[in-house]
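Student: I've got a new model open and I'd like to learn how to read it feature by feature. Could you walk me through it?

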Amino acid sequence: MNGHRTLGQKIEHFTSVDSTNDIAKRLAREGAGEGTAVIADIQEKGRGRLLREWSSPLGGVWLSVILRPDTTSERISLLPLIAGNAIANTLNKLYDIDARTRWPNDVLIGNKKVSGVLTELDTAENFIVVGIGINANIDVSEFPEEVRGIATTLKEEMGREVSKEELIDCLFLELDDMYEQYGSGLVEINCSTINRRVKIITETYELTGTAKEVDETGALILELEDGTTKRIIGGDCIHLDDSA
Ligand code: BT5
């Protein structure tokens, strides 16, 4: 049917769900194997990190895939970055647009978000669900007002609709490649946040500095104004040099 090796080998398709991540978690608990994916046309309660709302109207790609890596490994935090890289590679290959990743879980075109990743970990049952949202055939005007200014869509960028089937097929191949690299321990993360001046916002602090690198666990190494460095494992990141 398609060239998927592991990820996306088995796909469950739904028209409307609350969140594909919830369905994938349920399937994983029921024993679904690595690579099983859930795709929905619409999400009624799509979510981002920290239970933020993720707007998921018809026309987008809303999917979740079950992975069963060693969830005790600290490298697990690389997975959102790996997914972001796979998404950016897919968009650049198919549409020749300049999609790039922003640490820790966004894909941008220009300085607007076209895609986001939500990974959820179940250490007891040893699985991880990687949720991916890609704004494909959506008009920006369909988003709630607070999202319009910060989001873009493929339709908006290309001036036409794209084939969701082709997009999903290519995405699974890229994800598969990246996940294989992850498994081999030799994964190369591309992240456009590196070498930029950034502001990091977490629930407990805000910091400004220069992003130096993403370490082998997915943490961001930030050089502060006074020359010291700080290792940051999560948060929101603003690129100060292009207001993204
Ligand atoms: C994310 O969170 O970017 C993760 C998004 C993951 C969505 C997928 S869809 C399939 C799966 N099932 C789910 O329920 N979720 C996953 P975060 O970095 O926290 O960004 C959330 C913020 O992005 C919101 O607070 C809004 O400001 C903004 N936002 C909401 N909807 C958006 C959209 N469609 N496009 C761009 N930005 C959006």
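This is a predicted model: local features need pLDDT of at least 70, side-chain atom pairs count only at pLDDT 80 or more; totals for chains, interfaces and linings use all residues.

Student: How many helices and strands are in the chain?

Tutor: The chain has 5 helices and 12 strands. Along the principal axes, the C-alpha atoms fill a box of roughly 55 × 40 × 30 Å.

Student: What percentage of the residues count as buried?

Tutor: First the cut-offs: buried means under 20% relative accessible area, exposed over 50%, and partly exposed in between, with a 1.4 Å probe and protein chains only. Of the 244 residues, 53% count as buried. As for the surface, areas come from the Shrake-Rupley method with a 1.4 Å probe, and for residues only the protein chains shown count as cover. The chain exposes about 11400 Å², with carbon and sulfur atoms supplying 47% of that.

Student: And which contacts join residues at least 24 apart?

Tutor: A contact means heavy atoms within 4.5 Å. Take the contacts between residues at least 6 apart in sequence: 63% of them join residues at least 24 apart.

Student: Why is helix 1 largely enclosed by the rest of the structure?

Tutor: Count its buried residues: 7 of the 10 in helix 1 (residues 20-29) are buried, so the helix is largely enclosed. The buried ones are Thr20, Asn21, Ile23, Ala24, Lys25, Leu27 and Ala28. Their cover includes strand 1 (10-17), strand 2, strand 3, strand 6 (112-122) and strand 7 (127-134). Gly33 is partly exposed at 34% relative accessible area, and, leaving out residues up to four places away in sequence, it touches Ile66 and Arg68.

Student: Which aromatic pair is stacked?

Tutor: The rule is that rings of Phe, Tyr and Trp (its six-membered ring) pair if their centres lie within 6.5 Å; planes under 30 degrees apart count as stacked, over 60 as edge-to-face, and the rest as tilted. That gives 1 aromatic pair. Tyr179 and Tyr182 form it, stacked at 6.0 Å centre to centre with 10° between the planes.

Student: How should I read their spacing along the helix?

Tutor: An α-helix has 3.6 residues a turn, so residues three or four places apart point the same way. Tyr179 and Tyr182 are 3 residues apart in helix 5 (residues 164-184), which separates them by about one helical turn. Both tyrosines are buried.

Student: What about backbone geometry: where is there a cis peptide bond?

Tutor: Check omega. The bond from Trp103 to Pro104 is cis, with omega near 0°, and Pro104 lies in the loop between strand 4 (99-102) and strand 5 (106-109). Then look at phi: Leu50 has a positive value near 55° without being a glycine, and Leu51, not a glycine either, has a positive phi of about 60°. Leu50 is in the loop between strand 2 (36-43) and strand 3 (61-67), and Leu51 is found in the loop between strand 2 and strand 3.

Student: Are Leu50 and Leu51 buried or exposed?

Tutor: Leu50 counts as exposed at 56% relative accessibility, and Leu51 is exposed at 73%.

Student: Which residues does Asn195 touch?

Tutor: Not counting residues up to four places away in sequence, Asn195 touches Thr210 and Ala211. Asn195 is in the loop between helix 5 and strand 8 (197-201) and is exposed, with a relative accessible area of 60%. Its C-alpha atom is 5.6 Å from that of Lys212, 17 residues apart along the chain.

Technical notes: Residues are numbered from 1 along each chain as its sequence is written. Side-chain values use heavy atoms; hydrogens and water are left out. Helices (H or I, at least four residues) and strands (E, at least two) are DSSP runs, numbered from the N terminus.
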